[in-house]
Amino acid sequence: MPGSKIIATGRFVPGQPVTNDVLSRVMDTNDAWIRQRTGVAQRHFSAPGQGVSDLGAAAAKQALEAGNIDPASIDYVIFATMTPEYVFPGSGPMAATKLGLQGVPALDIRQQCAAFPYALQVADGLLASGAAKRVLLIAAEAHAGMMPWKRWDRLRGEGGPVEEGDADFERATRHRGYAVIFGDGAGACVLERSQAAGEGLLYTHVASDGAHFDQIYIPGVGFLAQPFVDAGVLAEERELPQMKGRELFKLAVTRLPDAIRKAAAGAGVEVSDIDWFLAHQANDRINAAVRDAMKLPEAKVPSNIARYGNTSGATIPILLDELRESGDVKSGQLVCFFALGAGLNWGASIMRI
Ligand code: UT7
């Protein structure tokens, strides 16, 4: 049976790159540590007032232009983010409207870093059922607002040297575990039903485990509390993400190989037949461990985390767009997309591209 096919891709990252050395202006960290432990060399941050609907719309415009696609032919938008402009509503309708798609359904999904395989499965279901003919899938993240420093002037090299005991520097250092990995950006792709048997999305295996919700989450600014936000949240720094990095790392390196094997089995292909493994870019060491566990050649698991850091749900579509642009990922090849993130959510998709 024909599956859903990606007919165009696009990407967008905001502003100028922020290197690891620049990051060490606002917290106690250094380039060597970040590179060795994560693979990240630089990341981008959105400007104040530049939200995910802006980043996502920019990536979507690239995709539509690259594929020479009439925006009016898009009849469904799926929008993935964990950093929406507002607690509610979601950012999908705003992104759609910025693309001139008023009236088109815009479904917000929040599978965080695992968004891409989930979104592919949803898009495929919409296309297979006939509910949609052309789906625009957008993943966008603006993590800048959850960074643990307030002194953005220092990041820009302004405001003078940091004094011993500086409260802003110490606060950022307390949260440096997550702060060094995330960056902002957006990826987009357009999907439609393939006409050829054995082409397009062959199978997706996705899973969740809410028992691990607190491995990476924002404890404050949520509706368990009444009121849902107060001064105590800020005093206790509960508006910032908490991440159990080592535990998450271990979960990723066990669950991802399992998801890849299940997706391959569901698709009826051998893991060794897969040409590309496009992994969520959370940490190069996670992907190296998955590679080792599955005995995958390094060249089949490309990385771009050095340039962008972890852009959560956007990492895979950004990577895919780069590899299509460079001509590395070619039509007819077999691609596995895999990701794990907050929730926990994780999964893998197999696509004949
Ligand atoms: O995409 C969303 C899902 N997120 C993930 O999948 C993240 C998964 N986890 C990770 O990527 C890693 O756990 C981290 C990159 C977050 C941390 O790496 P780690 O190797 O687990 O480091 P650690 O937290 O165990 O810290 C090791 C050492 C500590 O020093 P001591 O106690 O050994 O002296 C930390 O204080 O490194 C120190 N450290 C840092 N040093 C400089 C921790 N963070 C930093 C930092 N800069 N940013």
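In which kind of crossing, right-handed or left-handed, does helix 10 pass helix 11? The points below take up this crossing and some further local features of what is a predicted model.

1. Helix packing. Helix 10, which covers residues 245-267, passes helix 11, residues 284-294, in a crossing that is right-handed. The axes of helix 10 and helix 11 come within 9 Å and cross at roughly 45°, and the two helices are therefore oblique to each other. On the side of helix 10, the residues that meet helix 11 are Phe249, Ala252, Val253, Leu256, Pro257, Ile260 and Arg261, while helix 11 contributes Arg285, Ile286, Ala289, Val290, Ala293 and Met294.

2. The residue Lys295. In the loop between helix 11 and helix 12 (305-308) lies Lys295, which has a positive phi of about 55° although it is not a glycine. With a relative accessibility of 72%, Lys295 counts as exposed.

3. The residue Gln112. A positive phi, near 50°, is also found at Gln112, again a residue other than glycine, and Gln112 lies in the loop between strand 5 (106-109) and helix 5 (115-129). Gln112 counts as buried, because its relative accessibility is 11% and the cut-off for buried is under 20%.

4. Cis peptide bonds. The bond from Phe88 to Pro89 is cis, with omega near 0°, and Pro89 belongs to the loop between strand 4 (76-80) and helix 4 (92-98). The bond from Gly343 to Leu344 is likewise cis, with omega near -15°, and Leu344 is found in the loop between strand 12 (334-341) and strand 13 (345-352).

5. Cysteines. The count of disulfides comes to zero, where a disulfide requires two cysteine sulfur atoms within 2.5 Å. For Cys336, the closest cysteine sulfur is that of Cys189, at 15 Å, which is too far for a bond. Cys336 is buried, with a relative accessible area of 0%, and Cys113 counts as buried at 10% relative accessibility.

6. Aromatic pairs. The structure holds seven aromatic pairs. One of them joins Tyr178 and Phe182, whose ring centres are 6.5 Å apart and whose planes stand at 55°, so the pair is tilted; both Tyr178 and Phe182 are buried. The pair of Phe213 and Tyr217 is edge-to-face, with 5.4 Å from centre to centre and 80° between the planes. Phe213 counts as partly exposed at 46% relative accessibility, and Tyr217 counts as partly exposed at 28%. Phe45, Trp149 and Trp152 form one aromatic cluster.

Conventions: Residues numbered from 1 in each chain as written. Predicted model: local features only at pLDDT ≥ 70, side-chain atom pairs only at ≥ 80, totals over all residues. Heavy atoms only, no water. Buried < 20%, exposed > 50% of the residue type's maximum accessible area, 1.4 Å probe, protein only. Phe/Tyr/Trp six-rings, centres within 6.5 Å; stacked < 30°, edge-to-face > 60°. Axes fitted to C-alpha atoms, helices over the stretch in contact; angles between N-to-C directions. Helix = DSSP H or I, 4+ residues; strand = E, 2+ residues; numbered from the N terminus. Parallel < 35°, antiparallel > 145°, perpendicular 65-115°, else oblique. Left-handed = near helix turned anticlockwise from the far one by under 90°. Contact = heavy atoms within 4.5 Å.
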